[in-house]
Protein chains: 2
Amino acid sequence: VSAPDAERWARAAWSALAEPGDVVAGALVAQLGAVDAWRWVASCTPGRVHLPEGVAPRSAARVARAVARWAPRLRRLTDEGWSADAPPPVRAAGTRVLVPGDDDWPSGLADLGAAAPSCLWVRGGSGALGRRRTVAVVGARAATAYGERVAVDLAVGVVEAGFVVVSGGAYGIDAAAHRGALAVGGRTLVVVAGGVDRAYPAGNARLVEEAVAAGGAVVGEVPPGGLPTRSRFLQRNRLIAALGAATVVVEAAWRSGALSTAHHAARAGRPVGAVPGPVTSTASAGCHRLLRDGLAVCVTDAAEVVELAGVLGADAAPERDGPVRALDGLDPVTRRVHDALSTRTGRDAQTVARAAGVTPGEAIEALGLLELAGVVRNDPGGWRASRV
Amino acid sequence: VSAPDAERWARAAWSALAEPGDVVAGALVAQLGAVDAWRWVASCTPGRVHLPEGVAPRSAARVARAVARWAPRLRRLTDEGWSADAPPPVRAAGTRVLVPGDDDWPSGLADLGAAAPSCLWVRGGSGALGRRRTVAVVGARAATAYGERVAVDLAVGVVEAGFVVVSGGAYGIDAAAHRGALAVGGRTLVVVAGGVDRAYPAGNARLVEEAVAAGGAVVGEVPPGGLPTRSRFLQRNRLIAALGAATVVVEAAWRSGALSTAHHAARAGRPVGAVPGPVTSTASAGCHRLLRDGLAVCVTDAAEVVELAGVLGADAAPERDGPVRALDGLDPVTRRVHDALSTRTGRDAQTVARAAGVTPGEAIEALGLLELAGVVRNDPGGWRASRV
């Protein structure tokens, strides 16, 4: 199902007109369609805005402000040839415009509601887009060697589990996540705040080209040539959050853009993971903050990230050393005694002792402990394990 | 309010007769009083146990097993002079028996129910006992330099906030916690699994003496001379958990006795904290497990531990860099714009821009972002901050 050309062109034009995350633009495009919304805004005179049909009168002031905001840029764009009737006048080599309805349009973007991008500008393979098995791996530019190592390890592990890695194009954790994924032949999405033809920062240009060459893609929501402004960086974070089935923060200072990605992910209903680190490292303070605030789950390896991002059950992290139980931390004798119990048949202490290979005295002591822990009970039929 | 001598002697005798955590002994002593419970058990013939008055017939089998368990030891203790009519025949220098009703009996032990100790054997100052401001700092014997440093720092910080540090007498985190507390003149409780006259391990003997000399105490629940058996170690953990207003695990392997302390603390309704560490360190795996399982709160410094253990509100950890808000991670302009809003008076964008010292365009963009984040609203009266 592909969008008609005009709708595609108009969505591209909207991506040039409205700043990323402009919810008025998003709402108008959703309500009227991109073509009609574009024609309506082109017909507006700032200061005397007529509301399009179907838009609630109580939105009038807000819509008027939006039109005032768009007016100067609209004139320039019209002069440059942007419209709902023609392909976008800018187009870098290998760049495509992806719109809702395209096969590889990422369905998760719908969770952004009116703040969803009107289109995505994509450079590179489409195989990495439209995938459900994605993990956003984000973190500080000012990462430590520890953080970069963990980011590489996590990326390697999630790629081996069949996931696409989503991150920004910055130094530090972003770059390490791409490096790890590429090292094992994985595909990654490099989500940029400016045009997809701009490598940002320049020092990562080669890494980004490697990602594209490996079947990954550079993804953005402003047209080629667009500048990565500060506000676009912040909005870029919501895109990363929505493109990942889960978001993992590897390292982040107490105040860090990565935390805004985590907040966006949580708001979009995505699971968020945080990698702990030494409490003596300020680069982990933001991760610990997410854990303390209950906004993130503690993740320590790729298996736990896969569990977070994956299909429930199918991707559960393997238990370490057997299942986690109320009995953990107890001594071997007590555990053997517990294992010798049935949940259905009552047994006397002698029988339990024989089955567990312990002395009757040890069995009795262990049963007392287990009863105290609430995991066994002793009724007239004898000792039984409680159902957990 | 001091217990009558006989009750004190009988409770001491029970501490010699029943193993730590024996809930049958605890229930009988609670029901009959220590003196009458002792007299009753002394009158029993194993194999033909008569239930004392007030004990439910359905407990008969359990009580009979307990009597069978106690019988050999009871004969020996009686020969040694233990009874409800005379002071305990063993008493190491400087050792006291503390029983419920004594001024410095720790009220928190009541949370152990029938598993509460019949008495405490105490060596050292009583000033450290019976205090409500206590924190248990526990962790691995096989601690890393990182873990020991954090344990020292946390102990220093909680002592400076007026807390007594509770821990075991082991190497590693236990010893580091005591060292930190002692370094700043703090009092500590060394909770041991054997008799309080035994330093365990011997290499920590000097540290324990320093703790006692500084007004702290060595605390145990078996009489002087008692051996620190494996099961007593496990029961000792419940005592540490109940003596701390909160329990903090600094480092713990995936399976570690410190986790059993944490579980005991959670079961006794105590807040539990876990200190994160590098995910590459197996010494932190148990802490991360507690965090993942939601059994512990992430704590990274003494202020957060004090908040966990302290009086709600009065001991809240100081906010870092101002309050934690939905706006964290946003850029300075957006924050300034938010700060320029009132929750009560509506303001137009121009006014907000002037107050925030930003351009009208920046203000409008920021207001859009903030509205998207759900922290401001725009009604006919203008822009307002939402009440958080």
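Keep in mind that the model is predicted.

Helices first. In chain A, helix H3 covers residues 34-43 and helix H4 covers residues 60-80. They pack at an angle of about 90 degrees, and their axes are 9 Å apart. Angles of 65 to 115 degrees count as roughly perpendicular, so that is what H3(A) is to H4(A). Who makes the contact? From H3(A), it is Trp38(A), Trp40(A), Val41(A) and Ala42(A). From H4(A), it is Val63(A), Val67(A), Trp70(A), Leu74(A) and Leu77(A). By class, that gives nine nonpolar residues, no polar ones and no charged ones.

Now the sheet. Chain A has an open sheet of nine strands with mixed pairing. The order is E1-E2-E6-E5-E4-E3-E7-E8-E9. Which strands stand at the edges? Strand E1 (95-98) and strand E9 (297-298) of chain A do. Each has a single partner strand, so one side of each has no neighbour in the sheet.

Look inside the sheet at E3 and E7 of chain A. Strand E3 spans residues 134-138, and strand E7 spans 246-249. They run parallel, joined by four bridges. Val137(A) sits opposite Val248(A) of E7(A). Helix H9 of chain A, residues 257-267, packs on the sheet. H9 touches E3, E7 and strand E8 (272-274) of chain A. The direction of H9 makes about 155 degrees with that of E7(A).

Last, the core. The largest nonpolar core has 68 residues. Leu120(A) and Leu120(B) have the most contacts inside it. Take Leu120(B). Leaving out residues up to four places away in sequence, its contacts include Trp105(B), Leu109(B), Leu129(B), Val219(B) and Leu239(B). Arg96(B) and Gly220(B) are also among them.

Definitions and conventions
Residues numbered from 1 in each chain as written. Chains lettered and ligands numbered in written order. Predicted model: local features only at pLDDT ≥ 70, side-chain atom pairs only at ≥ 80, totals over all residues. Heavy atoms only, no water. Axes fitted to C-alpha atoms, helices over the stretch in contact; angles between N-to-C directions. Helix = DSSP H or I, 4+ residues; strand = E, 2+ residues; numbered from the N terminus. Parallel < 35°, antiparallel > 145°, perpendicular 65-115°, else oblique. Contact = heavy atoms within 4.5 Å. Nonpolar A, V, L, I, M, F, W, Y, C, P; charged D, E, K, R; others polar. Pairing = 2+ DSSP bridges. Core = buried A, V, L, I, M, F, W, Y, C linked by side-chain atoms within 4.5 Å. Buried < 20%, exposed > 50% of the residue type's maximum accessible area, 1.4 Å probe, protein only.
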